[in-house]
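Look at the sequence and the model together.

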Amino acid sequence: MNNHVRELRGDQGWSQAEMAERLDVSRQTVNAIETGKYDPSLPLAFKIAALFGRPIESIFDPGE
């Protein structure tokens, strides 16, 4: 799954650790999501969308 998490996080000026703290996950989880090595659970995807104030589908793209 493709995502725009890295760009959105950068726009906020947050480090991976700062974003992880806001989501109550590890920094490694944020890194894995950003690099496409881990697809977040639906509840975590909703938390990420809420954090950025955007719909899930504007952040995550299932790709092909």
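Asp24 is found in the loop between α2 and α3. Helices (H or I, at least four residues) and strands (E, at least two) are DSSP runs, numbered from the N terminus. Asp24 has a relative accessible area of 68%, so it counts as exposed. Buried means under 20% relative accessible area, exposed means over 50%, and partly exposed lies in between (1.4 Å probe, protein chains only).

This is a predicted model: local features need pLDDT of at least 70, side-chain atom pairs count only at pLDDT 80 or more, and totals for chains, interfaces and linings use all residues. Residues are numbered from 1 along each chain as its sequence is written, and side-chain values use heavy atoms, with hydrogens and water left out.

Helix α2 spans residues 16-23, and its buried residues are Gln16, Met19, Ala20 and Leu23. Seen down the axis of α2, these fall within an arc of 100°, so they line one face of the helix. The arc is that of the directions from the helix axis to the C-beta atoms. Why can residues three or four places apart point the same way in an α-helix? An α-helix has 3.6 residues a turn, so such residues do point the same way. The face of α2 turned away from its buried side carries the exposed residues Glu21 and Arg22. What covers the buried residues of α2 includes α1 (5-12), α3 (27-34) and α4 (42-52).

Now take α1. Its buried residues are Val5, Leu8 and Arg9. They also fall within an arc of 100° seen down the axis of α1, so they line one face of that helix. Their cover includes β1 (2-3), α2, α3, α4, α5 (56-59) and β2. Just after α1, Gly13 takes a positive phi of about 75°.

| Residue | Relative accessible area | Class |
|---|---|---|
| Phe60 | 7% | buried |
| Gln16 | 14% | buried |
| Asp24 | 68% | exposed |

Gln16 lies in helix α2. Which residues does Gln16 contact, leaving aside neighbours within four places in sequence? They are Arg6, Arg9, Arg27, Val30, Asn31 and Glu34. Contact means heavy atoms within 4.5 Å.

Phe60 sits in strand β2 (residues 60-61). Not counting residues up to four places away in sequence, Phe60 touches Met1, Asn2, Asn3, Val5, Ile33, Pro40, Ala45 and Ile48. The C-alpha atoms of Phe60 and His4 are separated by 6.7 Å, although the two are 56 residues apart along the chain.

**The whole protein**

The protein has 5 helices and 2 strands. Along the sequence, the pattern is β-α-α-α-α-α-β. Residues 24 or more positions apart account for 51% of the contacts with a separation of 6 or more. Buried residues make up 33% of the 64 residues.
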